[in-house]
Amino acid sequence: MHFTAQLSLLGSHAMGTTDLELMNVIVDTPCFPKGVGFAAAMAGLNVARTGVAAMCNGAVEGALRAAIEYANSRTAFGSKIFDNQGTSFSLADVSTYLEASRNLTQKAAQLIDYGQDATLAASHAKKFATKHAFQSISACLQVMGANGLKDSYGIHRQMSAARACEFMDGTTEIQNMIVARALLKSARQK
């Protein structure tokens, strides 16, 4: 077994990413009985996808908090920029997406906690959270203008991390395949 040097990737500041090479590996004691390993790996992906959704929710929450604080303290043309309908409506949309994403993530987490199949719920949560995290953090950055790019706010890091999350544990296209299969299965059972 050989690990390469840590990969330097956009948006992966909080996780170590490396390549793993397995050479001449013999498994004496498997982790799971024959025929069970794939199902166990898929269950692990459900947990990972739900975790990615939760990470995205946290990133959006942080960006939203910073944007609200900024918009409520910054004045332009004699009033707080939060009082501008375009600004406040944009942040209201971010808040709505965040609430929806939290609910999808919580549903997936509850299914996992109860030992139930969370495949569809985890795919919904990951797909929605990663898509809307990037868009929402971008909207928060837009509210703050160039000031949002300052290291002190950290929004640029959250935005790049949200983009990286779209590729973790299955791309949006993979999540679409899972959702589409569930739709087809449901339609055929009727």
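**View 1. Helix 1 and helix 3 cross with left-handed geometry.** In a left-handed crossing the near helix is turned anticlockwise from the far one by less than a right angle. The model is predicted: local features need pLDDT of at least 70, side-chain atom pairs need 80 or more, and totals for chains, interfaces and linings use all residues. Residues are numbered from 1 along each chain as its sequence is written, and side-chain values use heavy atoms, without hydrogens or water. Helices are DSSP runs (H or I, at least four residues), numbered from the N terminus. The packing angle is about 20 degrees, and the axes lie 8 Å apart. Axes are lines fitted to C-alpha atoms over the stretch in contact; angles run from 0 to 180 degrees between N-to-C directions. Helix 1 and helix 3 are therefore roughly parallel (under 35 degrees).

**View 2. Thr-130 sits in helix 3.** Thr-130 has 0% relative accessibility, so it counts as buried (under 20% relative accessible area, 1.4 Å probe, protein chains only). Its contacts (heavy atoms within 4.5 Å) include Val-52, Cys-56 and Cys-165, leaving aside residues up to four places away in sequence. The Thr-130 side chain also reaches the backbone oxygen of Lys-127 at 3.3 Å.

**View 3. Buried residues of helix 2 pack against helix 1 (37-73) and helix 3 (119-144).** Among these buried residues are Leu-91, Val-94, Leu-98 and Leu-111.

Conventions: Buried < 20%, exposed > 50% of the residue type's maximum accessible area, 1.4 Å probe, protein only. Helix = DSSP H or I, 4+ residues; strand = E, 2+ residues; numbered from the N terminus. Parallel < 35°, antiparallel > 145°, perpendicular 65-115°, else oblique. Polar contact = N/O pair within 3.5 Å; in protein donor to acceptor, adjacent residues only side chain to side chain.
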